[in-house]
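Morning, everyone. Please look at the chain on the screen, and keep it in view while I talk.

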Amino acid sequence: MCSWPTEEMGCPSRRGVSLFNKLRVPVLGLIENMSYHQCVACGHKEHTFGKGGVRKTAEELGLDVLGEVRDRSYAGLGEVAHV
């Protein structure tokens, strides 16, 4: 199940996991989407949407965190400017 990192917006994966549990569909774990933005110039990671919300939710639900997917919404914008 994929979710976003911020706790303020609530974790939609809770509802999804609850639904899958009722239907007896196994949930392998959670994936944190838009976990961070990484600067292409220096490699610095910025956690724009917060950090740790998915990990906390996974612990509360007894699930593993399967991975983090970085935010690529700005990827390539600098390249476009050079065209």
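Let's start in a loop. Arg24 sits in the loop between α1 and β2. Helices here are DSSP runs of H or I with at least four residues, strands are runs of E with at least two, and both are numbered from the N terminus.

A word on the source. This is a predicted model, where local features need pLDDT of at least 70, side-chain atom pairs count only at pLDDT 80 or more, and totals for chains, interfaces and linings use all residues. Residues are numbered from 1 along each chain as its sequence is written, and side-chain values use heavy atoms, with hydrogens and water left out.

Back to Arg24. Its phi is positive, near 60 degrees, and Arg24 is not a glycine. Most residues other than glycine have a negative phi. Is Arg24 buried or exposed? Arg24 is exposed, because its relative accessibility is 78%. The cut-offs: buried is under 20% relative accessible area, exposed is over 50%, and partly exposed is in between, with a 1.4 Å probe and protein chains only.

Leu23 lies in that loop too, between α1 (13-22) and β2 (29-32). Leu23 is exposed, at 56%.

Now helix α2, residues 53-61. Which residues are buried there? Gly53, Val54, Thr57 and Ala58. They cover an arc of only 130 degrees around the axis, so they are on the same side of α2. That arc is taken from the directions from the helix axis to the C-beta atoms. An α-helix has 3.6 residues a turn, so residues three or four places apart point the same way.

What do the buried residues of α2 pack against? β1 (2-3), α1, β2 and β5 (64-68). Contact means heavy atoms within 4.5 Å. After α2 comes Gly62, with a positive phi near 70 degrees.

Next, a salt bridge: a side-chain nitrogen of Lys or Arg within 4 Å of a carboxyl oxygen of Asp or Glu. The count is 1. Glu60 and Arg14 form it through their side chains, at 2.5 Å, N to O. Glu60 is in helix α2 and Arg14 in helix α1, 46 residues apart, so the pair links distant parts of the chain. Glu60 is partly exposed, at 45% relative accessibility. Arg14 is partly exposed as well, at 35%.

Last, Val27. Leaving aside neighbours within four places in sequence, Val27 is in contact with Val17, Phe20 and Leu63. That's my tour. Thanks.
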